[in-house]
Amino acid sequence: MENFRDLKISDADFHKMVAFIQDNYGIDLSKKKQLVISRLSFSLKSRGFTDFRQFLDQLLSKRDPEDLRLVLDKLTTNYTYFMRESEQFTFLQNKILPELVARHQRDRSLAIWSAGCSSGEEPYTISMVLKDFLGTQFSNWDTLVLATDISNQAMAKAKAARYKKPSDVSEHWLRQFFRPIPGSQDEYTLTPEILRNVAFRPFNLMDPIQFRRKFDIIFCRNVMIYFNQNTRDALIRRFYNAMLPGSYLFISHSESLGQTSMFRMVAPAIYQRIP
């Protein structure tokens, strides 16, 4: 049974890994030693490592993309679902989109970013809200949603767009936006119109935000809970600089912007950029 036991990691090696992940990706694992051990042990043993130090030495010296991908895919949580925190999407449709559509009548363009999109349910939900709101005018607007994540595993699932029948979507939306996948058991994908409206890109939120356009809306939900306060504050400043005056930032109900002069709360976990 030795083969099924978790590998051991010394405190010194654990702190090295914590510092590396914190410095490069913003994720604070300092209180999650057992999670690191349990999620990485099997994969490391499968690759021939007999202890964490061997892997850590290789990770820190070579920075091999495959090693980095393994760590990020195993240590980031990608739990999400369609219409998560549904009241935020109701507020988006009823309060924010009427304002932004009126503001952008001339250019007919909305810049929206799902930062930390995980397996894709969030950006696809945003696109469904946009289609539902704009109706027949949807094709006349540029509403492409930028969806980014640090995990290649999550991005691959998002692009594949294969989901169990969603339980939090209305029957009307299920008929309008979802299609059963032939030959599968209770798996659905989305209509081409919704799929085309999302562009997936790998992105590390610790990096400078230098996209071509400034954003009207940013969703960054259940991401900052993994960051320490300094990392959160720095990310909020980068978001502010990447947004248009009067634009909106969505976070999760388990997160907070803290004391800030850059945003004002307009609804629970929804903030507007102060010009």
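Which residues have the most contacts inside the largest nonpolar core? I started my notebook there.

**Ground rules.** I am working with a predicted model, where local features need pLDDT of at least 70, side-chain atom pairs count only at pLDDT 80 or more, and totals for chains, interfaces and linings use all residues. Residues are numbered from 1 along each chain as its sequence is written, and side-chain values use heavy atoms, with hydrogens and water left out.

**Entry 1: the cores.** I found that the largest nonpolar core has 49 residues, and that Trp113, Leu205 and Phe239 have the most contacts inside it. For the term, I took a set of buried Ala, Val, Leu, Ile, Met, Phe, Trp, Tyr and Cys residues joined through side-chain atoms within 4.5 Å. Buried is under 20% relative accessible area, exposed is over 50%, and partly exposed is in between (1.4 Å probe, protein chains only). Elements giving two or more residues to this core include α1 (11–25), α2 (33–46), β1 (112–115) and α10 (229–241). Helix α1 gives the most, with 6 residues. My helices (H or I, at least four residues) and strands (E, at least two) are DSSP runs, numbered from the N terminus.

I then looked up Trp113, leaving out residues up to four places away in sequence: its contacts include Leu146, Phe203, Leu205, Phe219 and Phe239. Contact here is heavy atoms within 4.5 Å. A second, separate core has 41 residues, among them Leu97, Tyr124, Leu130 and Phe138.

**Entry 2: Val36.** I located Val36 in helix α2. Val36 is buried, at 1% relative accessible area. Leaving aside neighbours within four places in sequence, I see Val36 in contact with Phe14, Met17, Leu29, Phe52 and Leu75. Ile9 is 27 residues from Val36 along the chain, and their C-alpha atoms are separated by 9.4 Å.

Entry 3: Arg63 is not a glycine, but has a positive phi of about 50°. I found Arg63 in the loop between α3 and α4, and at 43% relative accessibility Arg63 counts as partly exposed. Glu85, also not a glycine, has a positive phi of about 55°. Glu85 is in the loop between α4 and α5 (86–103), and counts as buried at 17% relative accessibility.
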